[in-house]
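Here's a quick briefing to read alongside the model.

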Amino acid sequence: MPARVALGPQGRDVRLSGELTEGVADRLARLLDAHPDVERIHLTSEGGLVDEGAAVGALVARRGLVTYVPDYCVSACTLAFVRGRERLVLEGARLGFHAPYEAGPFGIEIEADSAPERAAYLAAGIEPAFVDAALKVRPDDLMVPDAARLIAARVATGVVDVYRFPDSTLDDGPDPIQARALVLRSVPILTEIERAAPDIVRDLVAWYLDGYAQGRSEGEAIDGLRRRAARVVAGAFREAEPTTLLALGRTTLRMLNRVGPERDGTCAAASEGLGAVLTRSGIGESELAIARAIFPRHPVLDPSPETSPLASRDCADLRRAFSAALAHPSPEAARALRPLFFPEGSLAHVTAQAE
């Protein structure tokens, strides 16, 4: 698909996403002429025409733009990336290199003269040994160095986290269909919520799209999405049967016992209550099965505060708390789990049930 070239929020970023077909550089030039305050270009491309990649790179160099790869930039795209005043990659993003090629008979890829690419890479200050290695890779293969190698070879100047720049997850098309797919992929349990209450997911998709348009970072977007989904989940499970709470308690303890370093996100999720546990992207089929059993009843938004009193607990403390609760016989265990899952207002909720 030909690259989409679009202005980002506040007129400071350009998003380029897709194949570098003929005319992409001209479209970029017109956009930059119309918006002189652009500082960065987000590049997400599988490559394309070498001449277009080089022309995009020339525009980047002439305008003194920062280049940024939020996902992947391979083949001819790298000719644009290396011309950036600063060259930044998101944690986990991929840059891919190989020798240039021409299309031969029957669609066979034939290696082409690599002198222009070699000259472009060397002019950008890239380590000669890296350039040699990159241009020895067959056209049907790809060299994807890790971030440390990219920086050591002066291909990239830095690695950034998901909170640094405006979100690029919808650069290839910020429409509700794409946003919905991203939202459901980021928080799998929302698939179950959507079956019971599609309006809730539609509202979350609209919130995500609005944040993308306004320039919210990817980190802020995913964090906010999970917080909102967590409150919906917590509201749906407040009336859960004791057997369901016990199953969720055992699942949470298993997740906590799998944690390695204390900084693992499971600890943070458990400290924020049940909703945060079930909205992690790493939940498995057993947790989704529990959700299917409860979500036929209409989920409601939990009006409780987003910050849990358990948030200051570390992993070891959380393990002890869940272990102690689950050590009780079943009815008492469910009652002991409730304030762990629903810290705010839980005692009042239990008292009301008892009455």
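Predicted model: local features only at pLDDT ≥ 70, side-chain atom pairs only at ≥ 80, totals over all residues.

Residues are numbered from 1 along each chain as its sequence is written, and side-chain values use heavy atoms, with hydrogens and water left out.

**Helix 7 up close**
- Helix 7 spans residues 176-186, and its buried residues are Ala179, Leu182, Val183, Leu184 and Ser186 (buried is under 20% relative accessible area, with a 1.4 Å probe and protein chains only).
- At the start of helix 7, a side-chain oxygen of Asp175 comes to within 2.9 Å of the backbone nitrogen of Ile177.

**Whole chain**
- You'll find 17 helices and 10 strands in the chain (DSSP runs: H or I of at least four residues for helices, E of at least two for strands, numbered from the N terminus).
- Of the 355 residues in the chain, 50% are buried.
- Among contacts with a separation of 6 or more, 69% come from residues 24 or more positions apart.

**Second largest pocket**
- The second largest pocket has 20 lining residues, and Thr44, Asp71, Ser168, Thr169 and Asp172 lie nearest its centre (a pocket is an open set of points on a 1 Å grid over the protein atoms alone, where a 1.4 Å probe fits, with protein on both sides within 12 Å along at least five of seven lines; lining residues have an atom within 4 Å of a point).

Notes: Contact = heavy atoms within 4.5 Å. Polar contact = N/O pair within 3.5 Å; in protein donor to acceptor, adjacent residues only side chain to side chain.
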